[in-house]
Every structure is written in structure tokens, then in C-alpha cells.
Amino acid sequence: MSLPKEVRRLLTKNQGRDSIIGTAIHHSEFRSRYDLLPRNVTVWLPPSYAKKRGERYPVLYMHDGQNLFDPRTSYAGVDWRVDETITSLVKGNKLDECIVVGVHNTPDRLAEYSISEKGIWYQKFLVEELKPFIDSNYRTRVEAEHNAVMGSSMGGLCSLTLVWQYPEVFGKAGCLSSSFYYGDNAVFKMIESDYSGKKKIRVYLDSGEDGKYDAQKMFLLLSQKGMRIGDDLDYYYDRGAQHNESYWADRLARPLLFFFERKD
């Protein structure tokens, strides 16, 4: 999917901001009944949230939440510019508004984002604890088709695992530069051995020079499982792109439009 010129212009206008655009609410030390470390959660509200009190919104859950909105908290001082990108696309009438839930990582990030015991607990934390909390405290659209997960690297692996295991909860996964190889290709084995039938999910895959063969392999595997590009599957190769937040920020509009593009 190539971005239209008018979308690229909208995104360029808002680059370089130092503070968060819009309203971000921080929930500190969010705890789980599972054996997981407490973590911070940042909830970003769309521009109209305070004014349209009868409106309910789709939700995008994103891993590595400290890297999304503010370069001061992000790894290496570069953030995903989630607030700028969504705000620009909404103002340009390209995107439906959505709530973003940034789930911060912990020192157990690798274990939590992988197919492991802690990974199973982390998924259950999101499904059984965090999502019900968000749905109870914010005006959300609770159905799976209106709830997406997204991440990069290990966060991309986790996002695909989540929608595959819980398609009745999360209906969309954005997987940027994903570490699909991790754990001896466990995610490939999981999907290959699943004969339960076509799942009602949408998946966005991409890569730069990092992991492009794994991304292509996953695209082919999901195609074999009945998913079709342009319908419930998308893939983008960003030639020359490196494995860092700056490049993921540059590509963010693609999965956003694949999930929440404004139709009217």
C-alpha cells in the first residue's frame, strides 16, 4: 500500500514536536494477578473525546508504550509520533479517531512478548485484566473488529500471537519488523499446526532490511491459511529501512489506515 501524496503532506507538517499532542492519561504501576512485574500504561484520547460524550471509539493497544508519544521517555530519545500521526490523519479526514493504549514494557520484555510461560501470562493480562479495565473506564467499542494490537520487533511477534490466540478479543494485528524467528520459529510452528479454519482477523506485516525474509515467509504462510492481501492481509517492504523507532514512526500511517481508514 503506497501512501497518497496528500497523506504524506499531512504527516510531514507535524514532525518535530517536543510534547504530546492531545490528552494522555497515565496509569502507574498497573498490577496483574499473574506473576508479572507491574507496568505503566498510557492512554491517549482522540481529539473529539472530551466533546462527543456519546461517542465510542475503537482501540489500538500498543506494546513498548513508553516509546509511542514522547521522545523524553522513549528508547534512544526517538518516539513513534503516534499522537502526531493520528492527529494529522484525522484532521485530513483520512482516519477514524481511535483511543491508543500504550502498554509499557518491563525488564521481562523478551519473555513477556514471546511464546513462553510469561508470554502466556502477559496475553492473559491484556485479555482478562487490562482490556476490561479500559472498556470500563473509557468509552470504547468493545468488539474484536474494533480492537487492534501493534508492536515492533518482539512486539510484532506478540501482536500476531495475540490475534491468533484471541481473535474473539483482538481482531487486528500490526506487526512491524517482527522477530518471528524468536524461540526457534515458535510462531511459525503454531500457525502451521493450526487447522481450525480461517480466522476473522486482519494482519499488517512489514520490514525494512531487518527480518525481511521472515516477514515474507509469514506473509506466504498467512496466505496459505486463506488470508488475502488488500482484504485481511497487508505487507510492505521498506527498502533500506533500519530497525529503530524512527523508521517505524515513518511507516505508522500504513497500518493505521489499514485498520481505521475513514470510509465516508
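This is a predicted model: local features need pLDDT of at least 70, side-chain atom pairs count only at pLDDT 80 or more; totals for chains, interfaces and linings use all residues.

Residues are numbered from 1 along each chain as its sequence is written, and side-chain values use heavy atoms, with hydrogens and water left out.

Select the strands (DSSP runs of E, at least two residues, numbered from the N terminus; helices are H or I, at least four). You'll see an open sheet of 8 strands in the order β1-β2-β4-β3-β5-β6-β7-β8, with mixed pairing; strands pair if DSSP finds at least two bridges between them. β1 (23-30) and β8 (233-237) each have a single partner strand, so one side of each is left without a neighbour in the sheet.

Now pick β7 (202-207): 5 bridges join β7 to β8, and the two run parallel. Look for D206, which sits opposite Y236 in β8.

Next stop, the largest pocket, about 600 Å³. A pocket here is an open set of points on a 1 Å grid over the protein atoms alone, where a 1.4 Å probe fits, with protein on both sides within 12 Å along at least five of seven lines; lining residues have an atom within 4 Å of a point. The volume is the space filled by probe spheres set on the points, which are joined across faces, edges and corners. Select L95, D96, E97, F260 and E261, the nearest to its centre among 25 lining residues. Helix α9 gives the largest share of that lining, 4 residues.

Finally, the second largest pocket has a volume of about 260 Å³. Select N67, Y75, N244, E245 and W248, the closest to its centre of 16 lining residues.
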